[in-house]
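Come and read along with me.

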Amino acid sequence: MDEQALIEYVTRQRWYGAKSRMVSHAEVLDTIVLRHAEPQLSLALVEMRYDTGAHDIYQLLFSGGTEGVTFDSIREEAGIAREIVSAMRTGLTLQGSQGVAEFHPAEDFSALGRELGAARAVSTEQSNSSMIFDEALILKVFRHLEPGINPELEMLRFLTERGFRNIPALGGWYGYSGGPLTATLGLLQQYVAGAVGGWELALVEITDAPERFLDRLDRLGEVTAKMHTALGADPNDPAFAPEEPSVESLGLLTATVDEEIARVFLSLPDDDERLGPILGRGEEVREQLRLLTHAGSAGRVIRTHGDYHLGQTLLSNNEWVILDFEGEPARTLVERRRKRSPLRDVAGMLRSFAYAATAAELTRDAEIPDDWEERARERFLETYLETVDATLLPPGEAAIERLLAVFELEKAVYELRYELDNRPDWVGIPVAGIERLMRAAAEAL
Amino acid sequence: MSEQWFERDPLWFKRAVFYEIHIRGFFDGNDDGSGDFRGLIDKLDYLEWLGVDCLWLLPMYESPLRDGGYDISNFFALHPDYGSVEDFREFVEQAHQRGMRVIADLVMNHTSADHPWFQESRTEPAGAKGNWYVWSESDERYPEARVIFIDAEPSNWTLDQLRGEYYWHRFFHHQPDLNFANPEVQEAMLEVLRFWLDLGIDGFRLDAVPYLFEREGTNGENLPETHEYLKRVRAEVDARYPDRLLLAEANQWPEDVVDYFGDGDECQMCFHFPVMPRMFMALRREDATPIYEILDRTPHIPDNCQWGLFLRNHDELTLEMVTDEERDYMYAEYAKDPRMKLNLGIRRRLAPLLDAGRDEAELLHAILFSLPGSPVLYYGDEIGMGDNVYLGDRDGVRTPMQWSGDRNAGFSRADWAQLYLQPLMDPVYGFQAVNVEAQLRTPNSLLRWMQRFIALRKEHPVFGLGSYKPLPAENTRIFAHIRTWEEDIVMCVHNLARSAQAVQLDLSEYAGMVPVEMLGRTAFPPIGELPYLLTLAPRGFFWFQLRPEGQVE
């Protein structure tokens with residue numbers, strides 16, 4: 001395979017994540033043939049090496065033999081996707097030159113047995129490639145490979161075993177192990193057809209039927225609590241067993257958030273009136289943070305969703321389905337698998353209510369009742385706290401509120417920096433969030 | 001199975017910040033009064049937060065502990081106080097998961113007298129191990145070889161009553177030197193390395209390497225045979241274990257130390273010993289000349305190699321690599337109490353050496369971090385821990401890490417009396433005053449400053465990879481230099497004086513560029529053809545990035 005052609009092809013792809021880096025070499029590390037009959041279909045691990053000496057490994061799908069290789073056009077991808085699914089069905093092990101690819105069916109997944117019909121590619125994804133069959137199954141192919149088990153696969157398998165039903169069922173998966181690395185290559189899941197995204201639903205209903213959406217949050221709080229309870233329920237699996245955080249954990253968290261606040265406030269423009277309510281109050285925010293973290297336990301840490309907000313939910317037949325357990329894409333796989341307080345997920349969801357309310361106002365000219373966000377928080381938190389395994393949380397309502405406020409502050413400060421850089425029109429959301437937290441913290445203390 | 005957690009990068013150590021850990025003193029995970037690997041695992045989150053890249057462990061092997069574990073009695077087992085090999089494997093795995101690498105001390109030169117190899121050698125002179133140590137009927141051989149532990153040992157030879165011969169030891173008499181002239185010994189040591197590399201370790205700090213071989217008519221240091229063997233070790237490691245590091249401890253002058261780099265085919269890193277006392281000297285004399293001079297005297301090293309730089313470590317502040325006059329000066333200034341001296345050095349920690357001066361601590365770290373090399377921090381110095389000069393040998397700088405103001409400094413839940421050493425309790429450096437917990441909470445603490453400073457250094461690969469150019473000025477109280485790597489140009493200016501200073505720097509080469517201060521990101525006036533004037537606070541420093549005029553906001 002021509003190295004230059006390979007570099008050009010890979011760097012053109014949407015899933016190629018290192019666009020700002022200079023590529024010095026590209027090399028096929030291993031090739032696994034999925035189908036020998038013409039047209040031959042294969043997957044390859046390709047190493048992209050940069051001028052700094054660092055490298056990334058990507059998964060490529062292609063057709064053709066040693067000559068006349070063509071890379072994944074949509075039509076060929078569908079063909080390769082079918083081969084992958086059928087390999088999962090039969091539990092194949094295929095040999096490459098440096099390692100093996102193993103394909104696994106999930107237990108009790110009847111849909112895997114059916115004939116695959118019409119396929120379509122999902123066009124909106126960034127880091128993966130997905131193919132949907134018959135609006136019933138979805139095959140996710142991971143492109144940028146990292147050593148270790150993929151958190152999505154790990155989480156889905158675990159939650160399925162624990163009987164948590166509010167996720168798309170896992171159908172199968174495939175992975176590679178060998179010299180270059182050991183990594184999950186992709187997975188097959190139930191595709192939840194006819195569902196509406198939680199974020200889209202929020203925007204519509206906040207505008208048209210704000211009470212109805214609030215009613216739905218009772219159930220979302222409950223489902224979220226059940227997810228956390230399930231994630232913290234197995235003391236014997238080292239990857240999932242709940243742990244006491246280290247003695248320093250609260251101090252380390254405080255120090256990290258504090259540095260971030262200092263950095264963000266240092267770089268705030270003086271003349272942006274949208275920043276008005278928080279301008280020049282960096283030291284006050286830091287003071288609040290110190291007070292919030294001054295005493296108390298941080299509860300236990302468990303595996304969490306990791307990137308939890310309304311955009312990661314679906315409503316299907318009046319039931320919530322939780323999606324995307326991959327964690328924040330910018331973080332390393334190791335960080336995404338780290339155990340944290342479940343309240344970090346909760347904080348993410350609460351921040352997303354603030355975003356939904358403002359987004360409805362901005363994009364749909366909606367008139368939102370002033371207390372909508374406050375009531376959304378209350379409804380969600382009430383059922384969440386009633387349902388969740390309380391031993392995972394810090395003891396007592398005040399301690400929970402304080403830790404939650406720390407995580408919300410962490411998120412809001414991150415949002416502030418992000419919006420200033422990317423969407424100045426949205427800066428008001430984190431500003432209001434930070435202001436709100438300072439007010440609430442002052443009251444709570 | 002150990003998983004791969006890093007991108008391949010054979011030069012990782014050039015940009016790394018190292019952190020030296022005394023396992024016994026770090027954290028007690030099983031409440032027996034002594035630190036261990038379970039305890040280390042508990043504190044990995046802290047080390048990750050601090051931002052260090054590589055943990056260097058002091059000797060962890062089975063040992064009678066007559067020399068802090070540098071007297072190894074079994075190379076394939078851990079000291080039982082520290083845990084099992086399985087604990088060690090778990091520790092390495094957990095460190096890797098957090099993006100930190102692990103290297104460990106390894107003593108190749110000698111073993112403990114308790115080692116079964118030595119016992120067999122002395123009881124069966126004609127046996128398989130009879131020739132594994134350096135035996136002699138006379139104690140007159142190798143007279144040119146100096147005695148290193150002059151406070152403890154009268155000679156490098158000690159008579160073994162059982163075998164009726166003298167054995168050779170460059171350090172304590174209970175540490176017989178292995179006979180590297182024997183190919184079996186060479187092979188046995190490679191076996192030791194492979195054992196730990198297979199467990200996932202990222203390299204070794206090779207203790208006392210200059211002394212592996214001895215030959216009549218020489219001082220027994222830095223012999224060609226020694227270099228040849230180290231090259232063989234490197235080749236064996238490279239062949240089977242990518243991205244591993246050999247860091248040599250050769251307490252020698254730079255022109256001799258560079259031989260340990262070979263042509264980039266021996267040790268990747270060596271400690272730069274002589275620069276260390278000169279930083280302290282420069283601070284006391286308020287004069288940068290000693291630092292400039294030693295850097296001028298430092299030869300070029302291969303591109304794939306790196307100096308290891310440090311302010312303090314687990315040993316005494318060694319004064320072997322200074323002149324007699326300089327040594328007298330150092331003793332007079334830094335070791336006023338004779339208890340503070342040990343061998344040719346001063347057994348004190350960083351903070352007491354600086355009289356607990358915060359500005360001085362920041363200044364010395366700034367100089368350390370700015371020099372060409374990879375900095376090595378010593379546990380506890382990031383919070384400004386003190387020492388106890390009333391403890392014997394080097395124990396005074398090896399007291400328990402002070403985690404909090406709680407019982408036993410938060411180091412252990414064992415009984416106070418059961419602790420391997422009691423934590424410091426004096427009013428200035430004691431654990432009530434100096435501890436991690438309190439400093440984490442205090443934004444202006446030394447610890448929080450260190451974390452920010454480590455992060456700053458890591459943002460700029462120039463500190464690890466760049467060239468060094470001194471910027472001597474008429475005002476010799478100022479240590480200024482320029483580091484350059486690709487587009488990144490950094491100017492570091494340090495004021496060694498106790499008083500405010502002005503300095504004029506000839507920066508005409510950089511005319512048209514704008515110095516941007518790196519901690520606060522403040523732009524300074526652009527550089528012109530005339531000398532550039534800077535004023536610095538007492539013991540103050542500036543690090544600037546020099547950027548083209550158009551690129552500064």
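**Entry 1: terms and ground rules.** I began with pairing: two strands pair if DSSP finds at least two bridges between them. Helices (H or I, at least four residues) and strands (E, at least two) are DSSP runs, numbered from the N terminus. This is a predicted model, where local features need pLDDT of at least 70 and side-chain atom pairs count only at pLDDT 80 or more, while totals for chains, interfaces and linings use all residues. Residues are numbered from 1 along each chain as its sequence is written, and chains are lettered from A and ligands numbered from 1 in the order in which they are written.

**Entry 2: confidence.** I looked up pLDDT, the predictor's confidence in each residue, from 0 to 100. Chain B averages 93, and 98% of its residues score at least 70. For the model I noted an ipTM of 0.83 and a pTM of 0.87.

**Entry 3: a sheet in chain A.** I found an open sheet of three strands, ordered E13-E14-E15 in chain A, with antiparallel pairing. Strand E13 (196-197) and strand E15 (319-322) of chain A are at the edges with a single partner strand each, so one side of each has no neighbour in the sheet. Strand E14 (residues 313-316) of chain A is joined to E15(A) by four bridges. Opposite A:Leu314 I found A:Val321 in E15(A). Helix H5 (residues 210-231) of chain A lies across E14 and E15 of chain A, at about 40° to E15(A). Such axes are lines fitted to C-alpha atoms, for helices over the stretch in contact, and angles run from 0 to 180 degrees between N-to-C directions.

**Entry 4: the barrel in chain B.** In what order do the eight strands of the chain B barrel come? I read E1-E2-E5-E9-E10-E11-E12-E16, with parallel pairing. The twist averages 25° from one strand to the next. Strand E12 (residues 306-310) and strand E16 (residues 374-378) of chain B pair over three bridges in the parallel sense. B:Gly308 has B:Ser374 in E16(B) as its bridge partner.

**Entry 5: two helix pairs in chain B.** The axes of helix H9 (residues 275-285) and helix H10 (residues 289-296) of chain B come within 7 Å and cross at roughly 160°. H9(B) and H10(B) are therefore roughly antiparallel (angles under 35 degrees count as roughly parallel, over 145 as roughly antiparallel, 65 to 115 as roughly perpendicular and the rest as oblique). Residues are in contact if their C-beta atoms, placed from the backbone, lie within 7 Å. Among those of H9(B) that meet H10(B) are B:Met279 and B:Ala282.

The axes of helix H13 (residues 358-370) and helix H15 (residues 446-459) of chain B come within 12 Å and cross at roughly 20°. That makes H13(B) roughly parallel to H15(B). From H13(B), B:Arg358, B:Ala361, B:Glu362, B:His365 and B:Phe369 meet B:Leu446, B:Trp449, B:Phe453 and B:Arg457 of H15(B).

**Entry 6: where the chains touch.** How many residues does each chain give to the contact? I noted 21 from chain A and 22 from chain B. Helix H6 (249-266) and helix H7 (282-292) of chain A each supply at least two residues of the chain A side. The largest share of that side, eight residues, comes from H6(A).

Conventions:
Two residues are in contact if their C-beta atoms, placed from the backbone, lie within 7 Å.
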